[in-house]
Amino acid sequence: MSDLTRRLLLGGGAGALAAGAAAADPAAPARTAWDFTFPDIDGGTLELSRFRGRVLLVVNTASFCGYTYQYKGLQALDQKMEPAGLTVIGVPSGDFFQESRSNDKVKAFCETSFDVGFPLAAISQVRGAAAAPFYRWVRAERDWQPTWNFNKVLIGRDGKILGTYRATVEPDGPQLTKAIESALAAPQV
């Protein structure tokens, strides 16, 4: 086993190995967000490829966090910028011990408390070796993983990572708003 293979397996499992192999082989296609799925909060699969050509804001969320109020801003952002090509995707996570253990409870909370209408994944891990493949890809590409709830990953129309943002970056704050507007101004692919 090569040293690279050993490091990749220890650092993130087969998904990291595949990502590492793609990075090492210039002939291999680059991975994009469109290559990933999440389990859907209603069952089934939330395929990111169905959003190809759109700008995505993927946010790890939690129902019992000091930042939970951001659901309101995320919903407003999704409604305001959806016609221009933005989709917000919520990824409920219990990694920080502030989420319900039931997808049904999370969905009901989001709908009744914040009228959330954007897509929600099922409760998923966002950190470490057991993180959802999307988050392992972000870590491999950017050496970044969520440090708390309501961290954000901005994906461009081409499926590539444009930026990562901590919970303190508000959905309607100038830093995120400018980045989203710039991403939406890019031509559709």
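**Strand pairing and salt bridges in a predicted model**

User: What joins strand β5 to β6, and why are the two called paired?

Analyst: In this predicted model, four bridges join β5 (residues 152-155) to β6, and the two run antiparallel. Two strands pair if DSSP finds at least two bridges between them, so four bridges meet the rule. Strands are DSSP runs (E, at least two residues), helices are DSSP runs (H or I, at least four), and both are numbered from the N terminus. Val153 stands opposite Thr164 in β6. Local features need pLDDT of at least 70, side-chain atom pairs count only at pLDDT 80 or more, and totals for chains, interfaces and linings use all residues. Residues are numbered from 1 along each chain as its sequence is written, and side-chain values use heavy atoms, with hydrogens and water left out.

User: What makes Asp42 and Lys107 a salt bridge?

Analyst: A salt bridge is a side-chain nitrogen of Lys or Arg within 4 Å of a carboxyl oxygen of Asp or Glu. The N to O distance for Asp42 and Lys107 is 2.6 Å, so the pair qualifies. Asp42 lies in the loop between β1 (37-39) and β2 (45-47) and Lys107 in helix α3 (residues 103-114), so the pair ties together parts 65 residues apart in sequence.
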